[in-house]
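This briefing is for a reader meeting the structure for the first time. Please look over the sequence and the model below before reading the points that follow.

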Amino acid sequence: HHNTPIFNKHLTIHMSDPIYKEDDRWIVNDLGEEGRNIGGWHWEEIKALPFVKARLPELFCVADKPLYIDDGITVWVKDIKEVKGEATVTNRKRKIAAFYEFQIRMTYEAKSVDGKTEKGEIHVPDISDENDLDEFVVKVTVKEGSGEGKKAILDKKRADKPLREKMVNLLTGLKQGAGIKFNYGSAEDSVRTSAQSESKKAPTQPAVKMTETKTAPESTSNASSSSTSTCTVTLKEEFLAPPGHIYDCFVDPKRVQIYTNSRAEVNAHLGGHFSLLNGSIEGTFIELEHNKKIVQKWRFSSWPKDVNTTLTLNFEDNSGKTILHLRQTGVPRSDEDRIKAGWRNQFFLRIKGVFHYGSITPY
C-alpha cells in the first residue's frame, strides 16, 4: 500500500513521497566483505598451513642463498619435501593467536671444494606452539654421496643456527597472523573506542589469580595432607551462548589458551590429562557427557600429591543460554574464597569478555 502513511509523534511520511523513494539515506546497501564482522568482534578461525607451505620455500629454497658456506663446504636446501600437520590462526577484537603442530621434511645438497657431493634429508619432526620458537629437534639423514655411511659433509652443528633463524622467522610470521588480512571494516575508530570503553567496565582491581607458589602460607600449611579440613564450593553462572559453546571452553585447548592467555594442555577423553595456567592447575578427566557434563580430578600443582578435589560442571540449556552449575568437593577450607574468586575472575569473566558471552561486570 504505497499511500499508507507512517506515523510518529512529529512526522508523517507517505511511501510515495519523493524523499522516501529517492533519498539514498533510506537505502541499506550490501557492504560486501567490508561490512561483515566489523571490527573483528566475532571469533574467526582460519587454516594457516597454506601460509607455512608457501613461506618455507621463500626462506629455504633460494638458489643464490645457500643454507651455509663454511670451511670449503656449501649446503643448499633444494626442496620442501613434506609439510604435515596443522596450523590455525584465530582472531577476535584484534587479538591474534596461532596454534600449530606440524613437521617438515626438506632435501639438501652439499658440495665441498675437493669435489665431494652429498644429498640427504633434513627432518624437523615436532614444531609446536607449546614450545619456544627455537625449541625443536633437527634430524639429518644422508641419502647418497660421499658422506653415505661415513661422516656427513653437512655439519649439523654448523647448519643448526641458520636453520633455527629461518624457522623463527617462519613461526614469528605465523604468530603475527600468517599474512592474513582480517576484516576490521571501516569502523576502526568506533571499534577502538568500544574496546576502550569495555576495558573500563572490566575490574580495575587486580584479579584474584588462580595460581599458587610454594611459599604461599595456605598451600604449605593448610593443604598439607588428605586429613586437611575441606569444604565444597558451589557456583552458578549464566552465559549468553548455548551449552555446546561453553562446554568447548573447557575441553578445547585452543579456546582455553585464548581466554586464559596462558599455556594449556587439554586431553578431553576419559583418563586424559589437563594442565592449565602454565601448569598451575592439573588433573584428569573422569567423566564426559558431550555438551552436558564434565567431571575432573582437579588440583593445584603445588599442593601435596595426596590433595585432590573433584570438580563437576553441568551445562544447563536455558532457551539458548547456558546455566553453568559448578560443584567442587574436597577443597581445603583455607582455599575456599580464593578458588571461588579464581573461577569467577580467571574463567567466567574471561570467557564472557573474550568470546562475548555475557556481561563482564566485576563480581
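At 47% relative accessibility, histidine 356 counts as partly exposed, because that value falls between the 20% and 50% cut-offs. The model is a predicted one. Histidine 356 belongs to the segment that comes after α8, and its phi is positive, about 60°, although the residue is not a glycine. The points below start with the sheet and the helices across it, then turn to the cores, a helix pair and some single residues.

**The seven-stranded sheet**

- Seven strands make up an open sheet with antiparallel pairing, in the order β9-β15-β14-β13-β12-β11-β10.
- The edges are β9 (230-239) and β10 (265-266); each has a single partner strand, so one side of each has no neighbour in the sheet.
- Strands of a sheet pair through backbone hydrogen bonds, in either a parallel or an antiparallel way.
- Nine bridges link β9 to β15 (residues 321-332) in the antiparallel sense.
- Threonine 230 has proline 332 in β15 as its bridge partner.
- β12 and β13 run antiparallel and are joined by eight bridges, and glutamate 289 has lysine 293 in β13 as its bridge partner.
- The hairpin of β12 and β13 has three residues between its strands, and asparagine 291 in that hairpin takes a positive phi near 65°.
- β13 and β14 also run antiparallel, joined by six bridges.
- Opposite isoleucine 294 stands leucine 313 in β14.
- β13 is mostly covered, with six of its eight residues buried.

**Helices lying across the sheet**

- Helix α6 (residues 243-251) lies across β9, β10, β12 (281-289), β13 (293-300), β14 (309-318) and β15.
- The direction of α6 is at about 160° to β14.
- Helix α8 (residues 336-355) lies across β9, β11 (273-276), β12, β13, β14 and β15.
- The direction of α8 is at about 20° to β9.

**Nonpolar cores**

- The largest nonpolar core has 41 residues, and Phe250, Tyr259, Leu276, Trp298, Trp343 and Phe347 touch the most other members.
- α8 gives the largest share of this core, seven residues.
- A second, separate core holds 36 residues, including Val83, Tyr100, Phe102 and Ala178.
- Phenylalanine 250 is placed in helix α6.
- With a relative accessible area of 8%, phenylalanine 250 is buried, because this value is under 20%.
- Not counting residues up to four places away in sequence, phenylalanine 250 touches Val256, Tyr259, Val266, Phe285, Ile294, Leu313, Phe315, Leu324, Trp343, Phe347 and Ile351.
- Phenylalanine 250 and alanine 268 are 18 residues apart along the chain, and their C-alpha atoms are separated by 8.7 Å.
- Tyrosine 259, leaving aside neighbours within four places in sequence, is in contact with Cys249, Phe250, Gln346, Phe347, Arg350, Ile351, Val354 and Phe355.

**The α2 and α3 pair**

- Helix α2 (residues 49-60) packs with helix α3 (residues 156-175) at an angle of about 145°, and their axes are 10 Å apart.
- The crossing of α2 with α3 is right-handed.
- From α2, the residues that meet α3 are Phe51, Val52, Arg55, Leu56, Leu59 and Phe60.
- From α3, the residues that meet α2 are Leu163, Lys166, Met167, Asn169, Leu170, Gly173 and Leu174.
- By class, the α2 contact with α3 consists of nine nonpolar, two polar and two charged residues.

**Single residues in loops**

- Most residues other than glycine have a negative phi.
- Serine 319 is not a glycine, yet its phi is positive, near 55°.
- Serine 319 sits in the loop between β14 and β15.
- Serine 319 is exposed, because its relative accessible area of 75% is over 50%.
- Aspartate 132 is placed in the loop between β7 (117-128) and β8 (139-145).
- At 48% relative accessibility, aspartate 132 counts as partly exposed.
- Aspartate 132 and leucine 171 are 39 residues apart in sequence, and C-alpha to C-alpha they are 10.0 Å apart in space.

Technical notes: Residues are numbered from 1 along each chain as its sequence is written. This is a predicted model: local features need pLDDT of at least 70, side-chain atom pairs count only at pLDDT 80 or more; totals for chains, interfaces and linings use all residues. Side-chain values use heavy atoms; hydrogens and water are left out. Two strands pair if DSSP finds at least two bridges between them. Helices (H or I, at least four residues) and strands (E, at least two) are DSSP runs, numbered from the N terminus. Contact means heavy atoms within 4.5 Å. Axes are lines fitted to C-alpha atoms, for helices over the stretch in contact, and angles run from 0 to 180 degrees between N-to-C directions. A crossing is left-handed if the near helix is turned anticlockwise from the far one by less than a right angle, and right-handed if clockwise. Ala, Val, Leu, Ile, Met, Phe, Trp, Tyr, Cys and Pro count as nonpolar, Asp, Glu, Lys and Arg as charged, and the others, Gly among them, as polar. Buried means under 20% relative accessible area, exposed over 50%, partly exposed in between (1.4 Å probe, protein chains only). A nonpolar core is a set of buried Ala, Val, Leu, Ile, Met, Phe, Trp, Tyr and Cys residues joined through side-chain atoms within 4.5 Å.
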